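Please open the model in your viewer and keep the selection tool at hand.

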Amino acid sequence: MKRLTAQQIRRMYKQFFADRGHLVFPSASLVPHDDPTLLWINAGMAPLKPYFDGREIPEKPRIVSSQKCIRTNDIENVGYTARHHTFFEMLGNFSFGDYFKREAITWAWEFLTKHLELDPDRLSVTIHKDDDEAYAVWHHEVGLPDERIVRGDEDNFWEIGEGPCGPCSEIFYDRGEAFGCGSPDCGPGCDCDRFLEIWNLVFTQFNKEADGSYTPLPKKNIDTGMGLERIASVLQEVPNNFETDLFRPIMDHAARLAGVRYGEQADHDVYLKIIADHVRTVTFAIGDGVLPGNEGRSYIIRRLLRRAVRSGRRIGLDKPFLFELARTVADIMGDDYPEVRDKNDFIRRVIRTEEERFHETLAEGENLLNRLLEPLAGQPGARLSGEDAFRLYDTFGFPIDLTEEICREHGVEVDREAFQRELEAQRERARAARLTTEGMNSERGDLERFTVPSRFVGYTTLSTHGEITGLLRDGKLVEELSAGEEGQLLLDVTPFYAESGGQVADRGVIRTESADAEVLDVQKAPHGQHVHTVKVVRGSLRTGDAVSAEVDAAMRRDTIKNHTATHLLHKALREVLGEHVAQAGSLVAPDRLRFDFSHFGALSDEELRAVEQRVNDVIWQDLTVEIFETSLDEAKRMGAMALFGEKYGQRVRVVKAGDYSLELCGGCHVERTGLIGMFRIVSETSIGSGVRRIEAVTGRHAYRWVLEREGLLEDAARQLKTTAQEVPQRVARVLEEMSELERDLASARSKLHHARAQELAASVQHAGDIPYVAAAVPDTDAEGLREIMDELRQKCPSIVAVLASVRDGRVLWVAAVSKDLQGKGLHAGEIVKRVAQITGGGGGGRADLAQAGGRKPEAVEAALAEVPQILRTLAGNAVR
C-alpha cells in the first residue's frame, strides 16, 4: 500500500480517469444541491442533472472531478466520531450514456489495487440484491470470491425523490480486527469501524416518476463517489480522518495556540477536531462569497464559526484565533483550490471580525446561561425553558443548538417546542409590522377579483391616453370618485411606474375633460395591473372615462439617475471590496438612493473615496445604457448580476451600462451615464450583522448637498476667523490649545485634591478605637472623590474614610476601610450602603472600597453624622 498525501491521491485520481478519456471538471463555487443533507456542492456539477435523464447531451460523455461538499445535517456529531465532517471532498467519475457497470467496476478495482496498491484481500463489496450484472463483473471478471460480495436492498439503491436513480455497489476496506466489534456477523455495513466504505459506484439506469414507478433511462449512466478524507486515512494508516494531512496540521496549529497537545486528553481532542473541521468549512464558504449572517446559508456559517469559537474557549483560547487557522487551511488546500489562498486575507478579516463580535456577547451570554442552569443541576428530567432559550438567542445571538449543547453538558434538556413558539411569535410580530407599512397589503378587497388587463408603457413615454377600467373606494369597486375623495384607479394603458425593485412609484396627474386627479402612489395589483392611488381635485372620475395620464417628468428624471447610479455603485463596491458583496436591499427615490449590501465591516475613508471615484468616473465617461430582454440562461452566460432570492421568469430584462455594469432589472434608467451628472456618498452605516448601508445623492441633489457642505465650511471659517482653506490647520491649533488647557485643569484639580486630602488627614476622629474621617467634599465628581480617597489612604494607613459630594442635585458616596480595620468587622460596602440609604439611595461594593449614590442632598450632613454610630454598630456586631 502506498503512503500518499491527500493532494497526491486527488491528482492521481483525476489523472487516472483523464487517461481514460474523461474531461477534468474544474472546481467552482458552492451552490445549493438537490440532496437535502448537502447544503452546497461543486457548482460545476449542477448542470449534470439533465445529462443523467437524457434531456441534454454533454460536450464529452466522460467527466472526472473533485467536488467540494458541505453537509450540515449532523453538526453535533462532528468531533465525536471518526468521520463526521461539515466540509469534505468527493472524488467522482461520471459517464453519460457511454460506459457502464463493467468499466466502472474494473477501473475502480484497478485504481485501488494497482495505483494505490491496496491489498486486494482486504477489499469487499456490496451490490443490490437483484443486480446480477454487477455480481458477474465483480465475481467473474475481477475475481472477487462470493463471501466478499454482499447483496443488499435499500442501502444499495440510490435515489433522491423523482429523477435519475439506480442500484449501487459500495467498496469496503477491511482495517483489521483491532477496529472491529468482535461480532461473528461483522462485515461490510457493520456499525463498527472495521469495514470502511471508501467508494460508491452508482449505476444510474432508471428515472423515478411522480407516481413512484421506475422508467428505464434512454441511456445508462455512471455516477461514483469516493471520499478523499476516508481513502487518505487508509493510505496514511491513521485511525480516523482527523489525523490525515487534511486536518492534522490545523489541529496542531490550534493546539500550539492553546498550549495543549493533541492525543493527551480526550475532551481536548474533541474540541481540536471541531475547530479543524469547522474552520475548513468556514474558510471555503467565505471564499465562495457566503458571509456569516442570520439567514439561510449565512446562518449556517455563523453557527459553525461560533461553535468553533466556543470549542476554542474550552481549551483556553479566549481571544480570536480561528482567523489564524484559515492560513493553515490555505497552505493545505491552496494548490488545488487557489481561491482559498488568493482570497485568504479577505477570509481572515471576515473570520476575525465575526470572532470579535461573538466574543463581545459570548461571555455575558454564557454567564446568564450558567446562572439559569445552577438551580437545574442534578434534577432528574431538568429542562431549560423555551423562553430563556429564546432570550439567549434574541439578546446574545446564541444559536439554539449552542444552547442545547451547553445544556447537554450539564444534563439538562431544552424545551425546543416552546423556543419555536417564541421564535414564531417574533416572526409573526415582524410580519404584522411589515403589513402596516406596505402599500398594497393583503386587504385588497375587490382587487383580488379584478382581472381586466392593464399595459405599462412608461419605459418609453411619460404621457399617454387611455381609459378608466376600474375605480375603488375603501377596497370596493365603485362607478365614480368625486372631488375631494381618495381612491384607486386602474387604466387600460399607463405610463406610471408601480413601486417595485426598490424604485419608488411615479407621481403625476390624470385628467378627463371634466376632472383632474393627483396620482399619489402606484402599486401592483394581485393580477399585475398598476393601481393608481389618486385624489380627485376637480370634478368626478367615472369608469369608462377617456383620460390623459402624465408622469411628473422632473421626479422621474431624478429617480432614474439614482437607479442607474445604484447599479454603478453595486459594481464599484464589488471591485473595491470583493466579489462577496451582494445587494441586500435598496431604495431608489427622486432625492436619494439607499443601497444595502453584504460586507463584514465598516468601510474605511479610503474605500469610500475609491467607490465614489469609480462611480463618478463611469458617469463622466458618458457610457451608453442599453436595455434589452433575453432568456435567463443567456443573461447568466453574459455574467448579469441577479438579486439573491429573487424569482425570475424565462425572459428577463437586462440593463447594461457600457462594459462596466450588467444586471437583471425591471426598473427605469437613464440613456447615458453622463446624465447622472454627479454622485456623492452621504453616509455608510451598519444595519445588522454582516449588512452595510450606503446612502447617496446624484445630479442636482448632489450639487445641493455639496453647496450645503461648503456653507457649513464657510460658517466654521468665519467663527474661527480664518479662511475655508485654513480651517483644518486652525482646528488643529484650537484642539492643541484645548488639550493644554485640559492638562492645566487636570494639574490644578490634582493639586486641589492633594490639598483636600491633607486637610482630611489632619481631621481624623475616633469612634471608640476606630480612626475615621467623614466629610463632604464640595463640587467633586466620582473620579475626584476616588483620587482624594486614594491619597488619604496613603497618608493614613489605618483609617475608615467616608466622603460625599453633591453634583447636579445628586449625592455621590465613596467609602474605604484599611485592611487592619476590616478584621474588626468593618466593611466599606456595608458602610456606604447605610449612609446612602439616609440620602435616599443605595449601593455597595468590596470590603476595602465601595461607592454609592443618593437623591437627597439635604440629608448629607445627617448621614455623615451617623458614621461614628455605624462604625460602633458594625464593630460591636463583629465582637458579639
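A salt bridge is here a side-chain nitrogen of Lys or Arg within 4 Å of a carboxyl oxygen of Asp or Glu. The model is predicted, so local features need pLDDT of at least 70 and side-chain atom pairs count only at pLDDT 80 or more, whereas totals for chains, interfaces and linings use all residues. Residues are numbered from 1 along each chain as its sequence is written, and side-chain values use heavy atoms, with hydrogens and water left out.

**Salt bridges**

Across the whole structure, a search returns 60 salt bridges. Select E133 and K101 to begin: their closest N and O atoms are 3.5 Å apart. Because E133 belongs to helix 4 (residues 132-142) and K101 to helix 3 (residues 101-115), this pair ties together parts 32 residues apart in sequence. Helices (H or I, at least four residues) and strands (E, at least two) are DSSP runs, numbered from the N terminus. How do the two partners differ in burial, given that buried means under 20% relative accessible area, exposed over 50% and partly exposed in between (1.4 Å probe, protein chains only)? E133 is partly exposed at 40% relative accessibility, while K101 is buried at 2%.

Next, select E405 and R307, whose side chains meet in a salt bridge of 2.9 Å, N to O. This pair links helix 13 (residues 400-409), which holds E405, to helix 8 (residues 296-314), which holds R307, 98 residues apart. Both E405 and R307 are buried.

Move on to E575 and R614, a salt bridge with its closest N and O atoms 2.9 Å apart. E575 lies in helix 15 (residues 553-577) and R614 in helix 16 (residues 605-620), so the bridge ties together parts 39 residues apart in sequence. E575 is partly exposed, at 34% relative accessibility, and R614 is partly exposed with a relative accessible area of 34%.

To see a network of salt bridges, select R310, R313, R314, E366 and E409 together.

**Aromatic pairs**

Rings of Phe, Tyr and Trp (its six-membered ring) pair if their centres lie within 6.5 Å; planes under 30 degrees apart count as stacked, over 60 as edge-to-face and the rest as tilted. The whole structure contains 25 aromatic pairs. Select F17 and W199: with ring centres 6.5 Å apart and planes at 85°, the pair is edge-to-face. Since F17 sits in helix 1 (residues 6-18) and W199 in strand 10 (residues 195-208), the pair ties together parts 182 residues apart in sequence. F17 is buried, with a relative accessible area of 1%, and W199 is buried at 1% relative accessibility.

Then select F284 and Y337, an edge-to-face pair with centres 5.5 Å apart and planes at 85°. F284 is in helix 7 (residues 266-287), and Y337 is in the loop between helix 9 (322-333) and helix 10 (338-342), 53 residues away.

Now widen the selection to Y13, F16, F17, Y99, W107, F111 and W199, which ring pairs link into a cluster.

**The surface**

Finally, select V731, L735 and M738, which make a nonpolar surface patch of about 250 Å². Patches are made of residues with over 30% relative accessible area and no salt bridge: like charges are joined within 9 Å, nonpolar side chains (Val, Leu, Ile, Met, Phe, Trp, Tyr) within 5 Å. Accessible areas come from the Shrake-Rupley method with a 1.4 Å probe; for residues, only the protein chains shown count as cover. L735 lies in helix 19 (residues 727-761) and is partly exposed, at 49% relative accessible area.
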